[in-house]
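Thanks for sending this one over. Here are my notes, meant to be read with the structure open beside you.

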Amino acid sequence: MDALNEFDYAEFTTRNIGFVTPEEQARLRSGAVFVAGVGGMGGACFQALVRAGVGRFAVCDIDVFETSNLNRQVFAFTDTVGRDKAEAACEAARRINPDVEIERLGGEWVDRLDDLCARYRVIVNGTDDIAAGVALYRAAQAAGATVIDAYASPLPSVIVVRPEDPRPEARLGYPTRGKALDAITPEDLGQSFLKELEYVLTHSSAARHVDLGVAAAVAAGKAKRMSFAPMVIGTGCLMAYEALWLLMGRRSATDCRGWFLNGFAGRVEKPAPWPVAVVKGALVRAFMARMMKGQP
């Protein structure tokens with residue numbers, strides 16, 4: 001009898017019991033998650049959820065693996081370079097759990113958001129596409145789904161945006177607010193990224209842990225985003241915890257503002273109190289203006 005025929009879900013998940021109850025494991029088996037983007041943090045989250053025994057997924061990605069992905073993406077190997085990320089991720093997931101049900105999507109996923117958000121109440125945003133993220137958040141709110149996400153930050157982070165919570169575009173002040181999706185401009189997206197960066201620098205110690213010259217080039221769109229395996233995989237695992245709690249019916253303390261995990265200092269960093277945030281935010285904006293002015 002081959003390994004596929006020998007697969008036993010109860011044996012596969014037996015080491016989970018103790019962290020979760022048998023009843024909670026049954027909820028995970030019948031649970032469903034939509035993972036948008038299975039490259040970096042989305043891929044790490046997807047793998048953790050598959051290994052935890054979650055039974056059904058929709059996954060999407062529009063990219064293929066590149067050599068530069070090998071430094072951090074859990075489904076990137078020398079023999080998957082050049083392959084469709086979603087296809088490779090689904091194949092790997094089925095090697096872990098042959099019984100897992102996966103709906104694989106490509107670039108059409110944004111056009112199917114209303115349907116996806118209606119069928120998947122737990123959503124992981126693993127994309128780095130701000131326009132797609134705005135569309136995802138709007139559709140999730142309309143459908144009453146919860147989105148798990150993270151900041152563009154050198155420190156692992158996680159946020160949980162429940163249906164009643166403000167969308168990131170409103171909370172962070174994106175210029176996309178109130179605009180139809182087809183009216184959002186590239187300039188809007190660039191300014192939205194800077195708003196997210198402003199929040200990260202205001203509410204965490206991220207600036208101490210990266211080369212700010214490289215960060216300025218990234219913010220100006222002149223370099224690709226920095227990524228590092230512990231940060232990316234750590235973030236994916238934090239996101240997986242939140243998805244698991246939701247599927248099991250537990251309520252975590254993570255909210256729509258989220259928090260940062262500083263592995264360099266061994267501490268959790270939470271949003272600064274309002275008076276501190278006002279003062280530090282003003283300093284961060286002045287610093288960012290100088291930083292961007294220095295870009296050629």
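**Notes on the model**

1. Let's begin with Thr-13, which sits in the loop between helix H2 (9-12) and helix H3 (22-30). Keep in mind that this is a predicted model. Is Thr-13 buried or exposed? Its relative accessibility is 4%, and buried means under 20%, so Thr-13 counts as buried. Not counting residues up to four places away in sequence, Thr-13 touches Gln-25, Ala-52 and Gly-53.

2. Now look at Phe-12, which lies in helix H2. With a relative accessible area of 23%, Phe-12 is partly exposed. Leaving aside neighbours within four places in sequence, the contacts of Phe-12 include Phe-7, Val-50, Arg-51 and Gly-53. Ile-96 and Asn-97 are also among the residues that Phe-12 contacts.

3. On to the sheet. Its 8 strands run in the order S3-S2-S1-S4-S5-S6-S7-S8, and the sheet is open, with mixed pairing. Which strands stand at the edges? They are strand S3 (101-105) and strand S8 (267-269); each has a single partner strand, so one side of each has no neighbour in the sheet. From one strand to the next, the twist averages 20°.

4. Find Ile-148 and you can trace its bridge partner in S6, Val-160.

5. Last, check helix H5 (residues 85-96). Helix H5 lies across strand S2 (56-60) and S3, and runs at about 175° to S3.

Definitions and conventions
Residues are numbered from 1 along each chain as its sequence is written. This is a predicted model: local features need pLDDT of at least 70, side-chain atom pairs count only at pLDDT 80 or more; totals for chains, interfaces and linings use all residues. Side-chain values use heavy atoms; hydrogens and water are left out. Helices (H or I, at least four residues) and strands (E, at least two) are DSSP runs, numbered from the N terminus. Buried means under 20% relative accessible area, exposed over 50%, partly exposed in between (1.4 Å probe, protein chains only). Contact means heavy atoms within 4.5 Å. Two strands pair if DSSP finds at least two bridges between them. Axes are lines fitted to C-alpha atoms, for helices over the stretch in contact, and angles run from 0 to 180 degrees between N-to-C directions.
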